[in-house]
Amino acid sequence: MTSMVDIHRAHAQSHKRGLIAYIILIGLLVYVATTKQFDAYITNILMQAVTYSVAVMGLTVVLGLCGQINLAQAAFFGLGAYAVGLGTVDYGISFWGCIVIGIGIVLFFGAFLGTSTLRLGGHYLAMVTISFQQILTLVMINWIPVTHGPDGVSKILKPSLFPTPQSYLGFCVVVLAVVGYLVWHLPETKLGRAMRAVRDNELAAGVTGIDVQRTKVIAFAICALLGGLGGCLFAGGFAYVSPDQFSFAESIVFLTMVLLGGVSSPVGAVIGTGLLILIPEWLRFLKSIPGLYLAIYGLAVILIVLFMPDGIWGFVSQKLKRFRKVLHLSADVPELELVQTQAHADDVLVVTSLSKHFGGLKAVDEISFTVKRGSVHALIGPNGSGKTTTLNVLSGLYTPTGGSVSLDGHDITHAAPHMRTAVGLGRTFQNIRLFRSMTALENVIIGGERSGNPVESGALAREERARAALNFVGLGDRAEELVTSFSYGHQRLIEIARALAGNPTVLLLDEPAAGLNSTEKMELRDLLKRIAAKGLTILIIDHDMTLVGAVAEHITVLNFGRRIADGDPVSVLNHPDVVTAYLGSDANAAH
Ligand code: ADP
Ligand code: MG
């Protein structure tokens, strides 16, 4: 057994070695790019590949990490290119000044497009980005006094610091290397994890405390920024820009590059870009036979995508996995502490006349109940009685038709899911919602990163806490495994650990026993008792009367969306309405 600090030191050291190797590699590349005599043709191809790669890495972030589409990357690329072209030629602004202005412009448009449309999701984003792309092309062509129209801008100067094409190429390689390094490490940061969580399961991301909308806008803005930066470098490299270089077709080329190379990594971006620029050059000799060139080019792309659905790098890294050593270090992790924020009143969750109607169906109809601090409160009722709907209204996935909810004195009736999580609401789902591309540990770390977590601090503490939460549910030794390799019952435990890592004030559990076998149910009951013993307030929904009877101190019963009983277990379970409505149907179900 080693301590967490030792493990972190080992990681930091291997990280440092990787960085040094990377700097040496880039240094060599820059040395070759600047000293070896290329002819102008090769220099141009390399210049194009390097500047395009910067823009394609933007798509790695927005599409690969965050799962959002952007069909206007060529427009952002063009904005950057025109900022440098027009700025240096028409307005006499220095190259560096133009880069700053260009990045400001693309960030503005990226953030504006993102905030206005990402909320709508899916197809809207595709449509809006296509429209933006088309509008920008029209502006570039038709606003002749400013953009020079279809003729484009020529005689763009390189910065005086890098006067020759090859020295400038070396500079672009360095920029690409820095961008690549940052994009490579982004997934391990809090922001990058949030993006992956949004991509994997948007609903669960919100409930786990992630501001979904903000995360998407940031991803989109980073994509626009890298598109613009690539464009700025491109303009300096080619001394000439024109509207047809930044058309919708080019946006599709950018997208093909990232999909071809592998959307999940900046390495894929470079591979895809390089290939799509090189293939046409290799096939140049075919140009004399019309059509054949395009057919072969198209066939090559289709074959690659067909046989490597995760792109070339996705395919290669899968093959390389066998050779990679996985450090399986088990660390001494302290016992999980569930720290509560300053306690206010005894009534921690107050639900008043809450309703949720779906058209004419009153799924939840004016129900009221109060959860006492530190208690285990059960919400029971036959199938379809409105339990899950109540929980979805409580956690902000549905807006209520009427009534109010207050948590720890805060009125959260209309708050977004992540705001409720920030106030102290944690939950699990009836049909498990984990972030499926991630390890158990990463899932739980995200849970601990909610804002408002009273013990959230540095990365080390966060990981230690996540490990403690996994230990607490009995899965500490499998922290590094992907969640998809766990059994259904264990996935449920990971969901509970994810919620616990955030130190919730109230934990909402939706049918935690559903789908578990009897051994797993026993383990779950034991776990709930251990959680309750730590003083956490739990609101549990379940069918399993033995489980509810064993852990609950207070029971609220729903039937057809209405509250039919509320009180201590003995009186509630003997209530005549409950016996007929709930236990009656349960007895029938048993036969
Ligand atoms: P429970 O969790 O108690 O089994 P639910 O809350 O899932 O019950 O469902 C209560 C009622 O609301 C059911 O009749 C169900 O069909 C209906 N319902 C739930 N969600 C929706 C929805 N999104 N749209 C329309 N009807 C819904
Ligand atoms: Mg349900």
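This briefing looks at the cysteines and the nonpolar cores of the structure above. Keep in mind that this is a predicted model. A search of the whole structure turns up 0 disulfides, and the largest nonpolar core holds 98 residues.

**Cysteines without partners**

- A disulfide is a covalent bond between the sulfur atoms of two cysteines.
- Cysteine 98 takes part in no disulfide: the nearest cysteine sulfur belongs to cysteine 232 and is 7.9 Å away. A pair would have to lie within 2.5 Å to count as a disulfide.
- With a relative accessible area of 1%, cysteine 98 is buried.
- Cysteine 223 is in no disulfide either, and the nearest cysteine sulfur, that of cysteine 66, is 11 Å away.
- Cysteine 223 is also buried, with a relative accessible area of 0%.

**The largest nonpolar core**

- In soluble globular proteins, nonpolar side chains tend to be buried together.
- Among the 98 residues of the largest nonpolar core here, Phe76, Val241 and Phe254 touch the most other members.
- Helix 2 (residues 40-65) supplies the largest share of this core, 14 residues.
- Domain 1 (15-247) and domain 2 (347-590) both contribute residues, so this core lies between them.

**A closer look at valine 241**

- Leaving out residues up to four places away in sequence, valine 241 touches Ala81, Tyr82, Gly152, Val153, Ile156, Phe234, Ala235 and Phe246.

Notes. Residues are numbered from 1 along each chain as its sequence is written. Chains are lettered from A and ligands numbered from 1 in the order in which they are written. This is a predicted model: local features need pLDDT of at least 70, side-chain atom pairs count only at pLDDT 80 or more; totals for chains, interfaces and linings use all residues. Side-chain values use heavy atoms; hydrogens and water are left out. Buried means under 20% relative accessible area, exposed over 50%, partly exposed in between (1.4 Å probe, protein chains only). A nonpolar core is a set of buried Ala, Val, Leu, Ile, Met, Phe, Trp, Tyr and Cys residues joined through side-chain atoms within 4.5 Å. Helices (H or I, at least four residues) and strands (E, at least two) are DSSP runs, numbered from the N terminus. Domain bounds come from an automatic or database domain assignment. Contact means heavy atoms within 4.5 Å.
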